[in-house]
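Visitor: Could you take me through one part of this model closely, with the criteria spelled out as you go?

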Amino acid sequence: MATLALVSAQTLVVAVTGGMALLLAVGSAFDWHRAGRLLLRMKWFYLSLLVFYGLWPTGSDGPGAGLGEAGVRILALMVVVVLVVWLTEYVARPVLVRALGVILGAGCRSSRRWAERFAHRLFLALAYFEAEQGALRRQRRALSGTRKARIAVVREWLIVRLDQALAGQWEDPRVAGCYDAAQVRPVSPWPVVALWFGAVVAWGLWWL
């Protein structure tokens with residue numbers, strides 16, 4: 001719900017949702033280093049938003065207004081990343097897998113089983129993506145040729161690895177064991193209640 005509200009790119013909605021995300025992060029054992037790494041990896045998305053809205057502004061106020069809208073959308077994307085990091089740390093993965101399975105399964109038992117398997121592989125792919133940066137750098141250093149050619153080869157290599165992770169064909173014992181062994185630990189429900197409250201407020205601000 002919070003992500004859908006952020007799609008509006010309204011300054012007040014982004015400010016309220018961003019403030020809520022920061023409060024959740026400050027109020028828990030938030031991994032700022034992990035969040036910073038993920039935020040930096042989104043740099044090409046930020047650049048594409050700046051170029052797209054700067055060259056083709058949606059309003060009639062010119063490139064300045066377009067760059068302003070791009071800045072708001074970049075902040076919204078950062079808020080989404082912070083919320084994802086917080087949620088994947090605060091709530092155990094088995095709980096997230098079941099919850100996402102219920103949402104994607106839309107109440108149907110057979111489709112819910114498929115959705116839970118997909119959610120499990122999705123979280124595993126995220127873990128692989130975060131764990132693969134060292135291997136990615138080693139792969140890039142081992143290649144020869146022009147920089148453009150090396151980037152193309154590494155990109156294809158990474159896409160294949162992610163496809164294997166999503167298909168459940170690539171099992172790294174370090175990553176899979178760490179995430180599969182995650183236990184459902186008791187946590188306070190109040191941060192989740194605050195998250196829902198903030199999302200509802202953001203939706204209200206969007207429609208007002």
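Guide: What follows looks at one helix, then at the core and at a group of aromatic rings.

This is a predicted model, in which local features need pLDDT of at least 70 and side-chain atom pairs count only at pLDDT 80 or more, while totals for chains, interfaces and linings use all residues. Residues are numbered from 1 along each chain as its sequence is written, and side-chain values use heavy atoms, with hydrogens and water left out.

Helix α4 covers residues 43–55, where helices are DSSP runs of H or I with at least four residues, numbered from the N terminus. Its 13 residues reach 18 Å from the first C-alpha to the last, close to the 18 Å expected at 1.5 Å a residue, the expected span being 1.5 Å times one less than the number of residues. The buried residues of α4 are Tyr 46, Leu 49, Tyr 53 and Gly 54; buried means under 20% relative accessible area, exposed over 50%, and partly exposed in between, with a 1.4 Å probe and protein chains only. Seen down the axis of α4, these buried residues fall within an arc of 110 degrees, so they line one face of the helix, the arc being that of the directions from the helix axis to the C-beta atoms. On the face of α4 turned away from its buried side are the exposed residues Trp 44 and Leu 55. The buried residues of α4 pack against α3 (32–41) and α5 (63–90), contact meaning heavy atoms within 4.5 Å.

In helix α11 (residues 190–207), Trp 203 and Trp 206 lie 3 residues apart, about one turn of the helix. Their rings form a tilted pair, 5.3 Å centre to centre with 55 degrees between the planes; rings of Phe, Tyr and Trp (its six-membered ring) pair if their centres lie within 6.5 Å, and planes under 30 degrees apart count as stacked, over 60 as edge-to-face and the rest as tilted. Trp 206 is partly exposed at 25% relative accessibility, and its ring is stacked with that of Trp 207, because the centres are 5.3 Å apart and the planes at 25 degrees. Trp 207 is exposed, at 62%.

Note on methods:
Helix = DSSP H or I, 4+ residues; strand = E, 2+ residues; numbered from the N terminus.
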